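Dear colleague,

Please find below the structure I promised to pass on, together with its sequence. My notes on what was found follow directly after it.

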Amino acid sequence: MSEESLIEEKEKKLEDIRKEAEEKACLVQRALYYVEEFLAGPMCGRCYPCSLGTYEARIRLIRISQHLENVNESDIKALKRIGSKMMEGSFCKKGKDTGKFIIETLTSSEEEINQHLSGICPKKECINLIEYVINPELCIMCGKCLETCKYDAIIGEKREPYLSGYLPFEIRQKRCTRCGECIKVCPAEAIEVITTKIEELVSSK
Ligand code: SF4
Ligand code: SF4
Ligand code: SF4
């Protein structure tokens, strides 16, 4: 088998990328996953509308997913423009299909796009727009989350029946990578994912 065919065999197929992207609930994460996987694999760089378009689309999608400074409607317009240029000018079906996927994804929910432009990810998948927090009313102080967290992001002391004072469990946001492992082990459903912006609004009331 030639080197080229070996590379082709190792590369992810566009339809597999699409299936994996569609597992994401958040439309920004869906488009970003597709574009990043396309760039890492099937995109060959032989024509500009596809290669430059995909590269710029990735930058715009990252801006939206992280709610970076001055992110606004112009980022959405640019993504739609990129998508249609890719559909028109790409040399092959892979570029055209990617352009189509970008447009279809971004137009699937105007409400969800507007929420992202205000810094809220309603599906709680954009990790820069969410926080993991422990509800002290539900926490039974078992310590399982602390044992599981690889990033040393949780503080607290296990409740011991013969001791009265203890440190409540809490997640240090600066250390938390939003990996989600603590939620899986919590027996009391005491760990919640909140959207940062909503939290700010609630606490300012
Ligand atoms: S459209 Fe096809 S030929 Fe052009 S860069 Fe994309 S994958 Fe390569
Ligand atoms: S989400 Fe991950 S990093 Fe954050 S506290 Fe839970 S286990 Fe630790
Ligand atoms: S795993 Fe859940 S109940 Fe146990 S200490 Fe952590 S947050 Fe509290």
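The secondary structure of the protein comes to 10 helices and four strands, where helices (H or I, at least four residues) and strands (E, at least two) are DSSP runs numbered from the N terminus. Along the sequence these elements follow the pattern α-α-α-α-α-α-α-β-α-β-β-α-β-α.

Before the details, please note that this is a predicted model, in which local features need pLDDT of at least 70 and side-chain atom pairs count only at pLDDT 80 or more, whereas totals for chains, interfaces and linings use all residues. Residues are numbered from 1 along each chain as its sequence is written, chains are lettered from A and ligands numbered from 1 in the order in which they are written, and side-chain values use heavy atoms, with hydrogens and water left out.

Of the 205 residues in the protein, 37% are buried, buried meaning under 20% relative accessible area, exposed over 50% and partly exposed in between (1.4 Å probe, protein chains only). Among contacts (heavy atoms within 4.5 Å) between residues at least 6 apart in sequence, 60% join residues at least 24 apart.

Helix H2 (residues 14–21) has Leu14, Ile17 and Ala21 as its buried residues. Seen down the axis of H2, they fall within an arc of 60° and therefore line one face of the helix, the arc being that of the directions from the helix axis to the C-beta atoms. On the other side of H2, Glu15 and Lys19 are exposed, while the buried residues of H2 pack against helix H3 (27–40) and helix H6 (93–106).

A search of the whole structure finds one aromatic pair, for which rings of Phe, Tyr and Trp (its six-membered ring) must have centres within 6.5 Å, with planes under 30 degrees apart counted as stacked, over 60 as edge-to-face and the rest as tilted. The partners are Tyr34 and Phe101, which are stacked at 4.1 Å centre to centre with 15° between the planes. This pair links distant parts of the chain, since Tyr34 lies in helix H3 and Phe101 in helix H6, 67 residues apart, and both Tyr34 and Phe101 are buried.

Turning to the ligands, the residues around ligand 1 (a heavy atom within 4 Å) include Cys44, Cys47, Cys50 and Cys92. Those around ligand 2 include Cys149, Cys176, Cys179 and Cys182, as well as Arg178.
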